[in-house]
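Subject: Structure for your files

Dear colleague,

Here is the structure I said I would pass on. My notes follow below it.

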Amino acid sequence: MGRGRKRGGRGEGGRYKKAKPDEYRTDLIEKADMKNERFYAYYKAQKIVPDDEWEAFLDALRTPLPTTFRVAGSRQIAKSLNDTIRDVHVPSLSDVIFEDQKLPPPVQLPWYPDGLAWQFNVPKKVLRKSPEFKKFHSFLVFETDVGNISRQEAVSMLPPLFLEVEPHHTVMDMCAAPGSKTAQLLEALHAQDTLTSSSTPSGLLIANDSDYKRTHLLIHQSARLPSPAFMVTNLDASNYPHIKLSAASGSSKLLFDRILCDVPCSGDGTIRKNIGIWKSWQPNDGNGLHGLQLRILQRAIKMLKPDGRIVYSTCSLNPVENEAVIAAALESNPEFHLVDVSSKLHELKRRPGMTSWRPTADKAISSTYETYDAFVTANPETAASTKLTSGHWPPMSGHELNLERCMRIYPHQQDSGGFFVAVMERRSAEVKPIRERKRNVEDAAEAPQPESKKPRLENETEHSTTGTPAPEAATSGAELKTIVEGGGGASGGGGGSFKEMPYTFLSPRDETLVSCITRLRLTPNFPSSNVLVRNPEGDVVRSMYLTNDLMKEIILANDFTKIRLTTAGTKVFTKQEGGKGVEAQYRILGEGLPVVLPYTDPKSIVTGNMNILKNLVLSHYPLCTSFEQSFRPILDALELGCHIFKFPPGELDGASLSHDLLVPIWKSGVSVSLMVDKKAKK
Ligand SMILES: C[S@@+](CC[C@H](N)C(=O)[O-])C[C@H]1O[C@@H](n2cnc3c(N)ncnc32)[C@H](O)[C@@H]1O
């Protein structure tokens, strides 16, 4: 964007003084340049807002977005941090005067449950120069770094809230990267976690994205909430293959209770943040995405349980990417309906979905068309060459579909980004046994349909990603190492093999695993048959991962050389060289500890104090003799290897611990060390 050049090039006095950087924006389009005649003409033709709101709407689009963040993590942790923000930070920011102006303190987003989301709006220079805001900013950076706070656009927090995920749900996030909504879904799945230990949900979350590199963002996101119920796949969502279940489960394929379709979109609702959109916007951005968006939603419909729920969302204002997609999906799936969620999140200001709109393929927006026929008649040649279909236009049955139950969020309503959300379920009378429903859905797909309304994925029994049928459930993991080859070539194609390392379940009698469990003093209910390693031989080389029962069933029943599974389960144990004269052993990883904690014998946990913690944090391998006298006999009595230390709440040198902290420790001959990564240590 030629940032530097523009800055320096602003003319007056540049030779003498550096031009003042804009304190709000990350790029440098002047407010006066935030215009686009195509955008105006198109959205005026759509009557996207009443005429008397048009200027307020545009004004909001040209104003920088406030900073919003969400207190993340499981409920108990989030509540404790939220109390600190409300009771310590907000009061300290409530009377700040900067350059003769009183600055507004952070406020809670009124619609977010339990007040866990916040918004503040001060220029960047305030964050640099006001001591109070600087301190708050450092707090936010730190807590974001360790995963307790998630910087997320307010409107982007909505879809997971409307999905209403519970720990027993099977959940699919079809277009998940970079993963801010995935993190929310994972938190909901883990709603029963406590301050120190993680629950093992019986449900599952699969986060999928067709972009391989972006799936690694998902893995990174999830690292702050390790879960034995979390998988990442790298597939084309519009062609997502069946996931098989074992013959014993009574159902041949995995269906989902909750599916999020946060589909790729033109993103003009993010124009306050991505101000380059002012220059580039044109109607074909949205026109071109409608087909893919519909195919993804159609695929979700096929993967949903009879009583399941789908949330479809975009950060686009364009009805072609929103109501048109919903209408086309509802028309070809009449057993589905839009759920009236007007009473949910009462404080959220929203507008009903649109029931009429006027698409065009004309970049200059000299005309828009009320119907597809009118468009074809006026532009026979263009109509033949564009991807516009009658499905881009409002349906004849608009009011029967209750499109007004969709939600539109406009920036001028509550100082947010622009967003669209629709909640879909099967009509309750239509909730039929799967067998019957399947036939009906297939019938509907086979019934003659106008070309434009025809979803492109009727052939759901085989997918280009699967090529050959996957083998049925593999051998039970009880006695043998059960090897599942890791998968290859994503993005929906080719039938080739992927190069991911295979997922190999260990036998619960595996010698190394048994020794690891014994040495770590885990209780007999530790789910040792759900431990996997990532190599074809099933050798316990370095790390061991834990899955829940459902994930194990899925891994065993499917062929992951055909379905690219990027990650599954959570890493819990890793090999630690013992040092001179001490054999190598396995230790509990810092990030795996909350998952393993429910299976540890409380009597084996060593309780320390703030002085001991300080010594462990500040020195790399503090000698046993460097600890306070009263603690040394306790250290001396510990076997060499991995232990769990607990530090109750306390204060020391201005640092405080507000709840129990549990960490893995390694004891070698003469020293002990804290086995957490640098970030956690910090
Ligand atoms: C709007 S973004 C999703 C944002 C994400 N839900 C979040 O909250 O962080 C859309 C994502 O869809 C992915 N995508 C595009 N085409 C896809 C397809 N055919 N199947 C699956 N994912 C796709 C893109 O790589 C992109 O990461």
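In which helix is Lys 181 found? Lys 181 is found in helix α8, where helices (H or I, at least four residues) and strands (E, at least two) are DSSP runs, numbered from the N terminus.

Some ground rules come before the rest. This is a predicted model, in which local features need pLDDT of at least 70, side-chain atom pairs count only at pLDDT 80 or more, and totals for chains, interfaces and linings use all residues. Residues are numbered from 1 along each chain as its sequence is written.

Overall content: the protein has 22 helices and 28 strands. Of its 682 residues, 41% are buried; a residue is buried if 20 or more other C-beta atoms lie within 10 Å of its own, exposed if 12 or fewer, and partly exposed in between, with C-beta atoms placed from the backbone. Among contacts with a separation of 6 or more, 75% are between residues 24 or more positions apart. Two residues are in contact if their C-beta atoms, placed from the backbone, lie within 7 Å.

Ligand site: 19 residues surround the ligand, and the closest are Cys 175, Lys 181, Ser 210, Ala 237 and Asp 262. A residue is near a molecule or strand if its C-beta atom, placed from the backbone, lies within 6 Å of it. The shell divides into seven nonpolar, six polar and six charged residues. Here Ala, Val, Leu, Ile, Met, Phe, Trp, Tyr, Cys and Pro count as nonpolar, Asp, Glu, Lys and Arg as charged, and the others, Gly among them, as polar.

The unreviewed UniProt entry places the feature "binding site" at ten positions that I list in part, including Cys 175, Ser 180, Lys 181, Asp 209 and Asp 262. UniProt positions are given in the numbering used here, feature names are shortened, and annotations may be inferred rather than shown by experiment.

Lys 181 counts as buried because it has 25 C-beta neighbours inside 10 Å. Leaving out residues up to four places away in sequence, Lys 181 touches Ser 156, Pro 159, Pro 160, Asp 173, Leu 260 and Asp 262. Ser 180 is also in helix α8, which covers residues 180-189. Ser 180 counts as buried because it has 20 C-beta neighbours inside 10 Å. Beyond four places in sequence, Ser 180 is in contact with Ser 150, Gln 152 and Ser 156.

Annotated active site: the unreviewed UniProt entry puts this feature at Cys 315. Cys 315 is found in the loop between β11 (304-314) and α12 (323-332). Cys 315 is buried because 23 other C-beta atoms lie within 10 Å. Its contacts beyond four places in sequence include Cys 265, Gly 267, Thr 270 and Phe 419.

Core: the largest nonpolar core has 149 residues, and those with the most contacts inside it are Leu 205, Ile 259, Cys 261, Ala 300 and Ile 326. Helix α11 (residues 284-303) supplies the largest share of this core, eight residues. A nonpolar core is a set of buried Ala, Val, Leu, Ile, Met, Phe, Trp, Tyr and Cys residues joined through C-beta atoms within 7 Å.

Strand β1 (residues 67-71): four of its five residues are buried. Two strands pair if DSSP finds at least two bridges between them. Thr 67 stands opposite Phe 120 in β5, and Phe 69 has Arg 151 in β6 as its bridge partner.

Regards
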